[in-house]
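Open the model in your viewer and keep the sequence panel beside it.

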Amino acid sequence: MTDYIGKPANRVDGAAKVTGAAKYAAEFTAPDLVYGVVVSSAIAKGKITRLDTSTALALEGVLQIFTHENRPNLAWFDKNYQDEDAPPGAPFRPLYDEKILFSMQPIALVVAETLEIARYAASLVQVEYETETPTTNLEANRAQAYIPKKYKAAEPSPRGNAKEAIVQAPVKTDATYFHTSEHHNPMEMHASTVIYQPDGTLLIYDKTQGTQNSQKYISKIFNLSPAEAHVVSPYVGGAFGSGLRPQYQLFLTVLAAQELKRSVRVMLTRQQMFSFGHRPATLQQVQLGAAPDGALQAIIHENFSETSQFEDYTENQVNWSAMLYNCSDVHLEHKLVALDVYTPLDMRAPGGVTGMYALESAMDELAYELKMDPLELRLKNYTDIDLSKDNPFSSKELRACYQQGAERFGWSKRNPTPRSMREGKNLVGWGLATGAWEVKQQQASAKAILSIGGKLTVSSATSDIGTGTYTIMTQIAADTLGLPLENVTFLLGDSSLPEAPLQGGSWTAASVGTAVQMVCAQIGEKLFSQARSIPNSPFAKAKFTDIIFANGQMQLKTDPMQALSILEIMRQSGLSSVAGEATAKPEAKQKKYSMFTHSAVFAEVKVDEDFGTVHVTRVISAIAGGRVLNPKTARSQIIGGIVWGIGMALEEESMLDHQFGRFMNHDLAEYHVPVNADIHDLDVIFVEEHDDIVNPIGVKGMGEIGIVGTAAAIANAIYHATGKRVRELPITLDKLL
Ligand code: MOS
């Protein structure tokens, strides 16, 4: 059966991607295509007092300029439609009125015959504002913090009396950690190309992590039926959460296409990629109390996180502190500060990256207070029960992650004293951190059709944002029906395909994978019922559970020589094709368990003592992620996560100028991300983990766990190297001097 699952199959879409055959949202075209360029607000708060488009409109080739003054009255402007990933609140409505809610808010769309004319015309739009002072400083506005309703609803019940226990604890730490806002910077910028069809319907190519989410949003706003707003997105050049919500370019492109009855494309610039959604800046206070032997006696984790003035963006930042370790007294608080910025947005392992950076830094500080090895401290407080819910874990091989990671890293050779390890003028430091990420299975559907030629086409409206979904779904389908990989085609990224959730939360393999397995098994059962009635059938007396599919055949498990080829079965039964459709839902038994992926991250840094420059020379990430469907694509996910963790630890920083309320370094020259020269030796270990609770396949998801814990491991290694505790990310060299 398992010919492909667990094998490092190459990406089935790899050739299309490297040859340019794969098309992205801004690459689709039409003979009458026109181009839209967005004009962004120069201020962060206030209102537009004068918007003069006359010079721009007079330019030859300019078709129209859409603003709040001339936009049509749309259904959506009266209601608050929330997309699948919308936090509580009132979503931003582009071109709604003259009010400016955040810097670089879209205030006009210039549409012209060429991109060049549109861009030039956009520069001629004259805008006057009445400016108010924006409030964008999280720390300075802590006093305005409030507990969001959504967090109140999801808050784990407090355990014991942590505030009392912390006072009594013989050993304790109390520190505040800050990390700044960060922006998603996928290679592909957000874009939409709307093809205006002869019958007036729209074929919408959108950069998105969910075509059906974009479709519902557009249908609602423009009062269109699903058939009138067909959304397609076969390839996505990275997204990391930025494509979870429909972004304003989608709205603007559809608006222009509807009004002009023309095909329109709008692509945001790299600068404009900093004008919607970001990982929120967060200030976290963590207090830990322990007995002299290291046993935790109290955990207090309180945080302040930014949101916009119009939505309560809430992520799970503190709840990790109630489930990761064995501790009877835990107190958590999660508060928001509303600022004049766009609503923050899920970014790879939202909340987990943030919360565990603080908790795992604090654990490291506690280890030094206790004069205890940081790994030993974690083992001392290991728990097989999720104490925040009193649930057992469906599986938890974190202990194996610690052991195998430590062994490969050589952790036992670590000299515990800070500044004790040197290599020439470099201080060497070793640090570690734990990571966790919740496992979820969402409802998903898939359909499949097997042709007489032995070709199987399986499809679902999921996405592949670079995670390898095309490949693993092909593997699951090929395995279930015992077909060669090259006989299977998997289709995704199309709103007309069977319903699937957004690609996010690391749940696609579990959710869509289960649907794909179900629908292929359904086809197998249909073949089986036909096969039993074939004259002299070797399966006449068999049950479905007695057979397997392998090498294009149906075989008896007990005697594989008793077989019929799938083609033979179809031919003898007079079938030209076999089709099916299935919907997979999470099983009720999941409810009694806590389901998480775990990791142990070990990092080595070398810090130049004179200049404070940090090189992350080694990272080993040991992952307990259930069944590994494809070690090659899984490893790529983890490596990508580690690289981003290095960026988070050392480089990435969206700098807000509070005077202007504007992210000033809004391009890749000034917003630093790791480049090849920053990346040295990265290694991934997948520890054995079997889990038949999470889903029938036993897969937990690899998309996000790789980034969790990485920044903390690096920050801890920097302390070990230098003896200096920097509690603010990114740790740039100025903070080390
Ligand atoms: Mo992910 S932040 O759920 O795309």
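**Stop 1: a helix pair**

Helix α15 passes α16 in a right-handed crossing (right-handed if the near helix is turned clockwise from the far one by less than a right angle, left-handed if anticlockwise). This is a predicted model, in which local features need pLDDT of at least 70 and side-chain atom pairs count only at pLDDT 80 or more, while totals for chains, interfaces and linings use all residues. Residues are numbered from 1 along each chain as its sequence is written.

Select residues 631-650 for α15 and 710-722 for α16: they pack at an angle of about 50°, with axes 8 Å apart. Axes are lines fitted to C-alpha atoms, for helices over the stretch in contact, and angles run from 0 to 180 degrees between N-to-C directions. Helices here are DSSP runs of H or I with at least four residues, strands are runs of E with at least two, and both are numbered from the N terminus. The pair is therefore oblique (under 35 degrees is roughly parallel, over 145 roughly antiparallel, 65 to 115 roughly perpendicular, the rest oblique).

Next, show the contact residues (C-beta atoms, placed from the backbone, within 7 Å). On α15 they are Gly641, Ile642, Gly645, Ile646, Met648 and Ala649; on α16, Thr710, Ala711, Ile714 and Ala715.

**Stop 2: the sheet under α15**

Helix α15 also lies across β27 and β30, at about 130° to β30. These strands belong to an open, mixed sheet of 5 strands, ordered β17-β18-β26-β27-β30. Strands pair if DSSP finds at least two bridges between them. At the edges, β17 (422-423) and β30 (681-686) each have a single partner strand, so one side of each has no neighbour in the sheet.

Select 596-608 and 614-624: β26 and β27 pair in the antiparallel sense over 10 bridges. Glutamate 604 has arginine 618 of β27 as its bridge partner.

**Stop 3: a second sheet**

Another open, mixed sheet has 4 strands in the order β21-β20-β19-β25. Its edge strands are β21 (488-491) and β25 (577-584), each pairing on one side only.

Select 444-451: this is β19, which pairs with β25 in the antiparallel sense over 8 bridges. Alanine 448 stands opposite glycine 580 in β25.

**Stop 4: zoom out**

The chain has 16 helices and 31 strands. Its C-alpha trace spans about 80 × 75 × 50 Å along the principal axes.

Conventions
Two residues are in contact if their C-beta atoms, placed from the backbone, lie within 7 Å.
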